[in-house]
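Have a look at the sequence and the fold, then read on.

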Amino acid sequence: LFPVLTSAFFAAVLLVGLGARKAVELEFSCFERIARTLREQARPDEPVVNYRCFTRSLPFYLQRRVRLIDYDKIDHRFDAGTEEYRAQVRFGREALRELLESAPRVWVVTKAKYVEADSELSARTREVDRNGSLVLRVTR
C-alpha cells in the first residue's frame, strides 16, 4: 500500500509542477509574441512604452529600452538596474500625452483593462496585437 500511495503522491506533485511550468511558459510566450510583433513593425526610432505594467522580458526580447509610464511597483529584489528604471518612469496623464505626441508612431504595451478604463488612450491608439491580458497598441 505504501508504494502505491508514494507513487500517487509523486504523480500528483509532477502534474502540479507541470501545470505551474505551463503557466510560466504562457506568460513568457505572451511577451515573446508581443516582442515579435514589435520587432517586425516598429522602427528603431519609434518609442516603445509599458503603460501601467512592466513586462520585464520585453527589453531583452527587443534589445532596446522600453519606457515606463505610471508604474511604481518595481521589485528591488528581482529587477537589475532598478534605480536606472526608476529614473526613467514617468507618472500621470500628462506624461502619457507627451509621449504619445513625441513621435509620429508610439508603441504602447499595456493590459486590456487599462485601455478600457482610459478613453484618451483608446481614442489615440489602435490595437495591433493581443495575447493573453497584454495588448499592443500604436498611435493612429
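## A tucked-away threonine

Let's start with Thr110, which counts as buried because its relative accessibility is 0%; buried means under 20% relative accessible area, exposed over 50% and partly exposed in between, using a 1.4 Å probe and protein chains only. This is a predicted model, where local features need pLDDT of at least 70 and side-chain atom pairs count only at pLDDT 80 or more, while totals for chains, interfaces and linings use all residues. Residues are numbered from 1 along each chain as its sequence is written, and side-chain values use heavy atoms, with hydrogens and water left out.

Thr110 sits in strand E3; strands (E, at least two residues) and helices (H or I, at least four) are DSSP runs, numbered from the N terminus. A polar atom of the Thr110 side chain lies 2.7 Å from the backbone oxygen of Tyr51. Leaving aside residues up to four places away in sequence, Thr110 touches Tyr51, Cys53, Val115, Leu121, Ser133, Leu134 and Val135, where a contact means heavy atoms within 4.5 Å.

## The sheet around it

Zoom out and you'll find five strands forming an open sheet with mixed pairing, in the order E2-E1-E3-E5-E4. Two strands pair if DSSP finds at least two bridges between them. The edges are E2 (67-69) and E4 (125-131), each pairing on one side only. E3 and E5 run antiparallel over five bridges, and Lys111 has Leu134 in E5 as its bridge partner.

Helix H4 packs on this sheet, touching E1 (48-51), E2, E3, E4 and E5. Leu96 and Asp70 are 26 residues apart in sequence, with their C-alpha atoms 8.5 Å apart in space.

## Two nonpolar cores

Which residues have the most contacts inside the largest nonpolar core? They are Leu38, Val48, Leu58, Leu62, Trp107 and Val109, in a core of 14 residues. Such a core is a set of buried Ala, Val, Leu, Ile, Met, Phe, Trp, Tyr and Cys residues joined through side-chain atoms within 4.5 Å. Helix H1 (2-41), helix H2 (58-62), E3 (107-111) and E5 (134-139) each give two or more residues to this core, with H1 giving the most, four.

A second, separate core has twelve residues, including Val49, Ile69, Leu99 and Val106.

Conventions: A polar contact is a pair of N or O atoms within 3.5 Å; within protein, one must be able to donate a hydrogen and the other to accept it, and residues adjacent in sequence count only if both atoms are side-chain atoms. Axes are lines fitted to C-alpha atoms, for helices over the stretch in contact, and angles run from 0 to 180 degrees between N-to-C directions.
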